Amino acid sequence: MKAIVNPFLRKGSFLAACPPSEGVTFPCRLTPGYLSNHPRPMEPADLTAHRCVAYRNAHGELSPWSFERDGRAVTVTPGRGPVFNDADLLVAAALEGFGILYILEDLVAAPIADGHLIRLLEPWCEPFAGYHLYYPDRQGTTAFELFKKTLRASRAA
């Protein structure tokens, strides 16, 4: 049985979805030193004047940065900064002060905890539903069914 873990709910798919995680955010992060040489962005549109550490997917497209506040959605295309297709390189570039980073919060838990990265635009970084487990809409192996049951039970706890 093949399964996919993805942070975005795909509605209308032939796959069934199981939400194994709580809500997560895609906040902007940067090193405290970056702000000593640059003004703090107050709105997502302000990011266009900053160096942004961006992700480029396998198709060569820059991943847009999505924000929401009070029901108002805003999308910004990052620019003027290094571009990578690897999360570790994105984080490393941000830690070296190359620009602002937009990444799932759980991928930068350690640098946040030790104060090497700080959060930006907090009012614009509302949590979304979290990760979902996608799998073919049919009965799986006993082990896979137990795995799904455990995920659902841990979410309910």
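Is Glu 105 buried, exposed or partly exposed, and what is its relative accessible area? Glu 105 is partly exposed, with a relative accessible area of 28%, where buried means under 20% relative accessible area, exposed means over 50%, and partly exposed lies in between (1.4 Å probe, protein chains only). The model is a predicted one, in which local features need pLDDT of at least 70 and side-chain atom pairs count only at pLDDT 80 or more, while totals for chains, interfaces and linings use all residues. Residues are numbered from 1 along each chain as its sequence is written, and side-chain values use heavy atoms, with hydrogens and water left out.

Side chains of opposite charge can pair when their charged atoms come close. A salt bridge is taken here as a side-chain nitrogen of Lys or Arg within 4 Å of a carboxyl oxygen of Asp or Glu, and by this rule the count comes to 3 salt bridges. One of them joins the side chains of Glu 105 and Arg 29, at 3.3 Å from N to O. This pair links distant parts of the chain, 76 residues apart, since Glu 105 is in the loop between strand E8 (100–102) and helix H3 (109–113), whereas Arg 29 is in strand E3 (residues 28–30); helices (H or I, at least four residues) and strands (E, at least two) are DSSP runs, numbered from the N terminus. Arg 29 counts as buried, at 3% relative accessibility.

Glu 105 also meets Arg 119 in a salt bridge, at 3.4 Å from N to O. Because Arg 119 lies in strand E9 (residues 118–120) and Glu 105 in the loop between E8 and H3, the pair ties together parts that are 14 residues apart in sequence. Arg 119 is partly exposed, at 23% relative accessibility, and its side chain meets that of Glu 122 in a salt bridge of 3.8 Å, N to O. Glu 122, at 49% relative accessibility, is partly exposed.

Thr 31 lies in the loop between E3 and helix H1 (34–37), and counts as buried at 10% relative accessibility. Leaving aside residues up to four places away in sequence, Thr 31 touches Ala 94, Leu 95, Gly 97, His 116 and Leu 117, contact meaning heavy atoms within 4.5 Å.
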